[in-house]
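Student: Please examine the structure shown here with me, with attention to its helix packing.

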Amino acid sequence: PAGPSMEVSRIRCDIGDVHCDLGNFAEALGCFSQALEALEKAHMEDHPDAARVILAVGALNLRRCNYPQARDCYKRALTIQETAIGKFHPTTATTKSNLGLALTNLGEWRPA
């Protein structure tokens with residue numbers, strides 16, 4: 001069931017997405033951090049919504065060419081997704097693809 005922490009997290013993540021789209025990366029990161037904090041306070045750090053926030057941070061880092069941080073975010077989100085929704089879910093596949101992009105940009109061809 002969605003509680004207040006989950007709703008706060010979703011709203012903060014949506015606001016962060018808008019900031020990211022506008023190129024306001026510092027504001028976006030702040031919103032994503034608040035979204036993740038709300039989930040952590042509710043002990044939901046392994047919930048698919050936490051993966052969504054972590055993926056948003058990964059996308060922000062990928063966009064800013066911060067490939068090591070993007071890789072770490074995608075790996076963390078992938079771990080959550082594989083447990084919560086399964087290894088073969090379409091969302092999990094998208095995360096694997098994004099992880100591959102980050103790894104490729106780091107020159108880590110073998111894992112990608």
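This is a predicted model: local features need pLDDT of at least 70, side-chain atom pairs count only at pLDDT 80 or more; totals for chains, interfaces and linings use all residues.

Student: How are H2 and H3 oriented relative to each other?

Tutor: H2 and H3 pack with their axes 9 Å apart, at an angle of about 160°. Angles over 145 degrees count as roughly antiparallel. H2 is therefore, relative to H3, roughly antiparallel.

Student: How many nonpolar, polar and charged residues make up the contact of H2 with H3?

Tutor: On the H2 side, the residues include Phe25, Phe32 and Leu39, and on the H3 side they include Asp49, Val53 and Arg63. By class, the contact of H2 with H3 has two charged residues, no polar ones, and nonpolar residues numbering 13.

Student: Which orientation do H4 and H5 adopt?

Tutor: Helix H4 covers residues 67-84 and helix H5 residues 90-105; their axes lie 9 Å apart at an angle of about 155°. H4 passes H5 in a left-handed crossing. Because angles over 145 degrees count in this way, the orientation of H4 and H5 is roughly antiparallel.

Student: Leaving aside neighbours within four places in sequence, which residues is Val53 in contact with?

Tutor: Val53 is in H3 and takes part in the meeting of H2 with H3. With those neighbours left aside, the contacts of Val53 are Ser9, Cys13, Phe32, Ala35, Leu36 and Leu39.

Methods: Residues are numbered from 1 along each chain as its sequence is written. Side-chain values use heavy atoms; hydrogens and water are left out. Axes are lines fitted to C-alpha atoms, for helices over the stretch in contact, and angles run from 0 to 180 degrees between N-to-C directions. Helices (H or I, at least four residues) and strands (E, at least two) are DSSP runs, numbered from the N terminus. Angles under 35 degrees count as roughly parallel, over 145 as roughly antiparallel, 65 to 115 as roughly perpendicular and the rest as oblique. A crossing is left-handed if the near helix is turned anticlockwise from the far one by less than a right angle, and right-handed if clockwise. Contact means heavy atoms within 4.5 Å. Ala, Val, Leu, Ile, Met, Phe, Trp, Tyr, Cys and Pro count as nonpolar, Asp, Glu, Lys and Arg as charged, and the others, Gly among them, as polar.
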